[in-house]
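This report concerns a model with its sequence and coordinates, shown directly below. Please consult both while reading.

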Amino acid sequence: MFEIDHLLNKLEIITPLGQKRIKNLIFFTKENQISTELDKIAETIEKIQKEKEKIEKIKTNLMYIKDISKTVERLKGDYILDDIELYEIKYFSLYYEEIRKIMTFSYLKQPALEKVIEILDPDGNKLPTFYIYDSYSKELAKIRKMKKTACEQEKKELFLKETEIEEKIRKVLTTKLKKYMDNLEQALKDVEELDFVLAKAKQAIDYGFTRPEISDYISYQGLFNPVIKERLEKEGKKYQPIDIKLYEGVTLITGANMTGKTVILRTLALSQYLFQYGFYVPAKSAKIKVLKKIFLISGDYQSALNGLSSYAAEMLKLNEILKYLKESEQVMILLDELARNTNPHEGKLIVKAVTRILNELSSISLITTHFNNVADKKIRKLRIRGIKKEKLTDKISPENITEIIDYSLVEEKEEIVPEEALTIAKLLNIDNKLIDTIEKLKKEENFHE
Amino acid sequence: MQFESISVVGLEKNAGKTETLNYIIKKLDKKMGVTSIGIDGESIDQVTSMPKPEIEIKEGTIFATAEKFYRQKRLTAEILSIEDSLRTSLGRIVIARALDRGKVILAGPQSTVKIRKLIEKIKSFGAEVVLIDGALSRLSPASPVITDAMILATGAALTINMNELVKKTKHIVNLIQLDEYENNHELSKLEDGIYIISDKIKKLPIKSLLTFKSLEKHILEYGNKIYLTGALTDNFIKYLNKQKSLKEVEIIVKDFTKIFISPETYTLFTKKGGKIKVLKTTKLIAITINPYSPYGYMLNSDEIKKRLKEVIDIPILNVREDELCLK
């Protein structure tokens with residue numbers, strides 16, 4: 001989904017370890033998993049707000065962290081680490097220790113790597129450089145000293161000796177480091193986690209996200225689409241957040257064209273994904289149910305599936321959902337103007353049938369439609385308020401559309417599909433002859449009825 | 001010496017580039033950095049099967065090479081940095097400080113942008129001057145875009161015919177010492193292409209000189225002053241040489257590394273009055289000579305020196321003899 005990718009791309013991840021986490025994002029389906037993730041963000045947000053300087057210091061040190069998991073992995077076998085690998089471990093440990101000393105986080109284990117540094121920094125210089133230091137061995141120091149004044153032939157022999165001793169020392173160092181392998185692995189995990197949670201917390205603050213409450217239904221106050229909101233605000237326009245509640249079974253949404261039906265579906269999908277990935281969500285307040293899977297059918301599939309008409313592609317996707325529902329329940333199904341690409345008579349029947357089937361299930365379904373009379377009394381219906389009455393005389397253009405439309409939802413007992421297509425066409429200043437002809441036809445139709 | 005970076009390039013394989021580098025490292029009394037452009041690989045030269053001398057660096061030198069060669073180094077050194085963003089086929093670039101004198105094979109990044117980044121990084125560890133070992137017989141690292149100054153290695157590897165050697169060397173020196181174009185500032189901003197300079201600067205509808213014959217008119221009918229951002233080819237100058245006189249003709253290129261014309265073509269071009277200028281000139285510090293040919297011949301080094309000095313007004317050194325003198 002485009003919005004989720006966009007938000008993930010915008011996360012301010014600093015280390016390659018954190019990047020790895022984004023690539024392996026987990027879709028949580030257990031309540032306790034999600035609340036654990038949300039707790040981490042809450043704790044981190046508090047720290048970002050109260051300890052600004054310390055957090056900045058952590059971030060600066062994170063910039064030096066590299067992914068040394070492959071090198072740490074090598075400690076498991078009989079392999080003897082070479083200078084480059086020893087350097088990497090020392091370098092990582094130095095910056096890791098800097099971070100560890102700044103602050104504790106309840107969700108990190110934060111094992112000490114001081115002993116690792118001691119092993120690789122025998123002179124206690126605390127510099128991010130490395131070689132097999134003279135102080136590891138008196139003999140080594142002696143040979144190196146002799147080497148400096150030796151003639152070429154002697155030098156060659158001394159160099160061989162030096163290499164031999166160095167290799168022995170590397171073996172000893174590797175053996176010593178093995179003891180701290182678990183600590184090193186944990187430290188890598190900690191850095192990955194810290195980098196990831198810091199980025200999530202920062203994003204939640206920047207975008208005004210909220211911590212969702214776990215619930216057995218879905219209820220949003222002030223739900224917004226952060227990607228669209230950002231774009232509108234850049235153009236100096238206001239985004240109107242909406243309130244919406246969803247329960248098990250089907251909810252039908254009607255609304256004229258351009259009133260944001262698709263945006264509602266996409267925003268609900270986005271927020272549900274964020275929630276189940278353990279993120280804060282784009283709303284003023286939110287109660288969300290943990291679900292097993294999210295299905296969103298929106299947009300034209302023709303280009304996505306070669307050779308199939310958009311109707312066929314949509315049906316195949318729908319079939320996939322129905323098949324899944326036979327095995328599992330508790331999913332979110334979002335259908336945007338189902339069957340819009342076929343004839344209205346059969347299209348209506350399709351929507352009616354799908355509504356009937358989905359309403360029996362313990363999943364949460366939301367269907368937008370233009371069709372009339374597709375749902376009986378049992379089905380919950382929402383209507384987007386649409387064009388503001390007082391704005392009916394204005395002309396619509398991409399510049400003022402957000403001012404003309406009221407995007408909020410009202411619950412309806414009866415099914416009313418707003419017939420605003422003509423109104424909107426007029427507002428868009430469409431050719432007079434076409435408008436007149438439509439109005440004439442409409443009058444004739446009413447007369448015959 | 002006021003230069004912060006110096007490239008060492010050879011006119012031919014085995015022209016003595018490595019010995020030259022070793023010589024400078026030994027002679028230069030400055031905090032030094034050294035690396036290579038590209039990978040000049042094997043310790044045995046694959047073409048001539050001659051053992052390829054590793055670079056001998058002295059204590060305190062900051063050097064940068066690929067991981068694989070770092071592991072093979074024959075000296076004690078302290079790792080200062082590993083550059084994840086500068087990778088070669090032989091691993092990441094390791095920057096280290098030599099803790100004694102010893103040998104190492106150098107390798108560095110290929111691209112201009114990356115080699116410049118590496119030069120800066122080496123300087124940040126305290127090197128006052130950074131030497132760049134040019135790869136093979138390519139002159140490109142000597143471009144003023146990369147290094148402040150250059151040293152040119154020539155010798156019997158180029159040819160064992162003394163006259164040829166002098167001619168070829170003199171030709172390259174001529175190109176290196178071409179005059180700078182007066183209004184180089186306005187030209188340096190232009191995007192890639194070929195331009196005619198008169199009262200105004202006009203771009204020609206061809207991308208490179210490979211297609212100059214596709215122009216509607218003879219190129220000189222557009223104007224006599226031509227600036228090109230790409231390579232200046234031998235074919236093009238030969239084509240111009242068909243004209244009776246080239247008195248007003250001026251060709252401007254970015255720097256001498258963009259010029260690929262033979263001594264004969266160039267001589268005829270200048271005789272007819274043509275001129276080549278560069279946007280940026282290259283500072284040639286010295287020429288070094290290696291009298292040994294990889295195929296076993298040896299030229300008389302005093303003779304080479306003498307002959308070159310007659311036509312070239314730049315210090316000329318025989319690095320092998322000087323090395324002998326030092327022992």
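## Domain assignment of chain A

The model is predicted. The domain assignment of chain A gives three ranges: residues 11-197 form domain 1, residues 209-418 form domain 2, and residues 419-449 form domain 3. Between the C-alpha centres of domain 2 and domain 3 of chain A the distance is 28 Å.

## The six-stranded sheet of chain A

Chain A contains an open sheet of six strands, arranged in the order β6-β7-β8-β4-β9-β10, and the pairing within this sheet is mixed. Its edges are formed by β6 (293-297) and β10 (405-412) of chain A, each of which pairs on one side only. From one strand to the next, the twist averages 15°.

At one edge of the sheet, β6(A) is joined to strand β7 (residues 331-336) of chain A by five bridges in the parallel sense. Within this pairing, F295(A) has I333(A) in β7(A) as its bridge partner. In general, strands of a sheet pair through backbone hydrogen bonds, in either a parallel or an antiparallel manner.

## Helices lying across the sheet

Two helices of chain A are described here in relation to these strands. Helix α12 (residues 261-276) of chain A lies across β4 (249-254), β6, β7, β8 (364-368) and β9 (380-387) of chain A. The angle of α12 to β7(A) is about 160°.

Helix α13 (residues 310-327) of chain A lies across β6 and β7 of chain A. Its direction is at about 160° to β6(A).

## Parallel strand pairing in chain B

In chain B, strand β12 (residues 225-228) and strand β14 (residues 250-253) run parallel and are joined by four bridges. L228(B) stands opposite V253(B) of β14(B).

Strand β14(B) also pairs with strand β16 (residues 275-278) of chain B, in the parallel sense and over four bridges. Here V253(B) has V278(B) of β16(B) as its bridge partner.

## The contact between chains A and B

Which numbers of residues do chain B and chain A give to the contact? Chain B provides 14 residues and chain A provides 14 residues. On the side of chain B that touches chain A, α2 (67-71) and β5 (77-88) of chain B each supply at least two residues. The largest share of that side, six residues, comes from β5(B).

By class, the side of chain B that touches chain A comprises seven nonpolar, one polar and six charged residues.

Definitions and conventions: Residues numbered from 1 in each chain as written. Chains lettered and ligands numbered in written order. Predicted model: local features only at pLDDT ≥ 70, side-chain atom pairs only at ≥ 80, totals over all residues. Contact = placed C-beta atoms within 7 Å. Nonpolar A, V, L, I, M, F, W, Y, C, P; charged D, E, K, R; others polar. Pairing = 2+ DSSP bridges. Domains from an automatic or database assignment. Axes fitted to C-alpha atoms, helices over the stretch in contact; angles between N-to-C directions.
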